[in-house]
Amino acid sequence: MKAEKGFTLLEIMVALAVFATLAGALLSASQFVLQQSARVENRLFAAWLADNQLSELQLGLAPLTLGQRSQTSRFAQRDWRLNQRIVREPKTSLYRVELSVSLADSEQPVHSLTSWIAARHD
């Protein structure tokens, strides 16, 4: 009797099950990586916006008005909300600047920073 070559149905089913499990794990991992990279990208863009606003305040390009202010801007094909709070530090010539940046449709800040600016002597 001549031996037949090839795989049995059971061996093919086991191989397909292993392949399906690995493919599902790979898909899940790639989805996680994509979500994380989107979060990192948002945090990077928000940090740039906050740093740009702080630089404008330090250079005198933006008004240094006490209190809270909110503005919306378009950057990297997204709408962003930048909240700014400026307070005069007691007994010093410094202003404390608190900036937080969030996506325009969200209240959750993506990036926040606090810095100090010397009072301007115009």
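This report covers the sheet, the helix across it, the aromatic pairs and the nonpolar core of a predicted model.

## Basis

Residues are numbered from 1 along each chain as its sequence is written, and side-chain values use heavy atoms, with hydrogens and water left out. Because the model is predicted, local features need pLDDT of at least 70 and side-chain atom pairs count only at pLDDT 80 or more, while totals for chains, interfaces and linings use all residues.

Helices (H or I, at least four residues) and strands (E, at least two) are DSSP runs, numbered from the N terminus.

## The sheet

Four strands form an open sheet in the order S1-S2-S3-S4. The pairing is antiparallel. Two strands count as paired if DSSP finds at least two bridges between them. Strand S1 (67-75) and strand S4 (111-118) stand at the edges. Each has a single partner strand, so one side of each is left without a neighbour in the sheet. From one strand to the next, the twist averages 20 degrees. Angles run from 0 to 180 degrees between N-to-C directions, and axes are lines fitted to C-alpha atoms, for helices over the stretch in contact.

Strand S2 (residues 78-88) and strand S3 (residues 94-103) run antiparallel and are joined by nine bridges. Tryptophan 80 has leucine 103 in S3 as its bridge partner.

## The helix across the sheet

Helix H1 (residues 9-59) lies across S1, S2, S3 and S4. It runs at about 45 degrees to S2. Glycine 60 lies in the loop between H1 and S1. At 39% relative accessibility, glycine 60 counts as partly exposed. The cut-offs are under 20% relative accessible area for buried and over 50% for exposed, with partly exposed in between (1.4 Å probe, protein chains only). Glycine 60 and isoleucine 86 are 26 residues apart along the chain, and their C-alpha atoms are separated by 14 Å.

## Aromatic pairs

The whole structure holds three aromatic pairs. Rings of Phe, Tyr and Trp (its six-membered ring) pair if their centres lie within 6.5 Å; planes under 30 degrees apart are stacked, over 60 edge-to-face, and the rest tilted. Phenylalanine 45 is in helix H1 and phenylalanine 75 in strand S1, 30 residues apart. Phenylalanine 45 is buried at 13% relative accessibility. Phenylalanine 75 is partly exposed at 26%.

Tryptophan 48 and phenylalanine 75 are also edge-to-face, because their centres are 6.4 Å apart and their planes at 75 degrees. Here too H1 and S1 are linked, across 27 residues. Tryptophan 48 is partly exposed, at 41% relative accessibility. Phe45, Trp48 and Phe75 form one aromatic cluster.

## The nonpolar core

A nonpolar core is a set of buried Ala, Val, Leu, Ile, Met, Phe, Trp, Tyr and Cys residues joined through side-chain atoms within 4.5 Å. The largest such core has 18 residues. Leu57, Val97 and Val101 have the most contacts inside it. H1, S2, S3 and S4 each give two or more residues. H1 gives the largest share, six residues.

Contact means heavy atoms within 4.5 Å. Leaving aside neighbours within four places in sequence, valine 97 is in contact with Leu54, Leu57, Arg85, Ile86, Leu113, Thr114, Ser115 and Ile117.
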